[in-house]
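Good morning, and thank you for coming. Please look at the sequence and the model while I take you through a few points.

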Amino acid sequence: KSLTTGGLTEDNVSEDLYDVAVNGTAVYAVGQNGRVLYSPNGTILPFAQLQHGTYTLYGVTKKSQGQVLSVGEKATILLQTGASLALQNELFTPLLLDVHFVSPSVGTVLGEDFTVRRTQNAGITWQTVVPQGMNTAPTADYTTVWTTTSSEGLVLGDGTGFTVNGNAANENTNLPTGILAAGRYQNNLYT
């Protein structure tokens, strides 16, 4: 397996990679068995292969200049500054699949079984987001979370999308469905 950015290719990556984030010129990729690839300048510098435990990491996003958050198995949330990794939080939730921050303080994580949590203090505490008007959690597979403002966001997947407002999630039939993967670049979401 290999990861290519700019003119560089990182070979000999034995684990699957699941997500990539760009923060300025830095490039981060996360994957199986706690594998993190990091380059301070993905166009001219090689990748360092870092390892953080054995939990698979499924999502990574820019938190602030120079910092990214990664999420994965066992509700792991890792804060990475350059090549330094630190356990940010364990939310005691099902597997976490995606994370997105609209600012250094405000972000949302998405896990299996429609597990959605929001923070407004850089991940020190997390509030539960509850689907409204439903007796049970939605059963579709949701794969992507997008924080749009300090109090709003989107949850997208192969079922009806949800609009998040504060700690409530409401079905929104105007959102696209059938989303199995999405990418981010700057302030845009691509499905």
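Which residues make up the largest nonpolar core? In this predicted model, that core has 11 residues in all: Ala 21, Ala 26, Tyr 28, Val 30, Val 36, Tyr 38, Leu 50, Leu 57, Val 60, Val 68 and Leu 78. Strand S4 (26-31), strand S5 (35-39) and strand S7 are the elements that give two or more residues to this core. With three residues, S4 gives the most.

Let us take one member of the core, Leu 50. Beyond its neighbours within four places in sequence, Leu 50 is in contact with Gly 34, Arg 35, Val 36, Tyr 38, Gln 80, Ala 83 and Leu 85.

I turn now to S7, which spans residues 57-64 and is mostly covered, with six of its eight residues buried. S7 runs antiparallel to strand S8 (residues 67-72), and six bridges join the two. Within this pairing, Gly 59 stands opposite Val 71. The hairpin of S7 and S8 has two residues between the strands, and Gly 66 takes a positive phi near 90 degrees there.

Finally, please find Leu 110, which lies in strand S12 (residues 107-111). Is Leu 110 buried or exposed? Leu 110 counts as buried because its relative accessible area is 0%, and the cut-off for buried is under 20%. Leaving aside neighbours within four places in sequence, its contacts include Leu 96, Asp 98, Val 116, Tyr 142 and Val 155. Leu 95 is 15 residues from Leu 110 in sequence, and their C-alpha atoms are 8.7 Å apart in space.

Thank you for your attention.

Technical notes. Residues are numbered from 1 along each chain as its sequence is written. This is a predicted model: local features need pLDDT of at least 70, side-chain atom pairs count only at pLDDT 80 or more; totals for chains, interfaces and linings use all residues. Side-chain values use heavy atoms; hydrogens and water are left out. Buried means under 20% relative accessible area, exposed over 50%, partly exposed in between (1.4 Å probe, protein chains only). Helices (H or I, at least four residues) and strands (E, at least two) are DSSP runs, numbered from the N terminus. Two strands pair if DSSP finds at least two bridges between them. A nonpolar core is a set of buried Ala, Val, Leu, Ile, Met, Phe, Trp, Tyr and Cys residues joined through side-chain atoms within 4.5 Å. Contact means heavy atoms within 4.5 Å.
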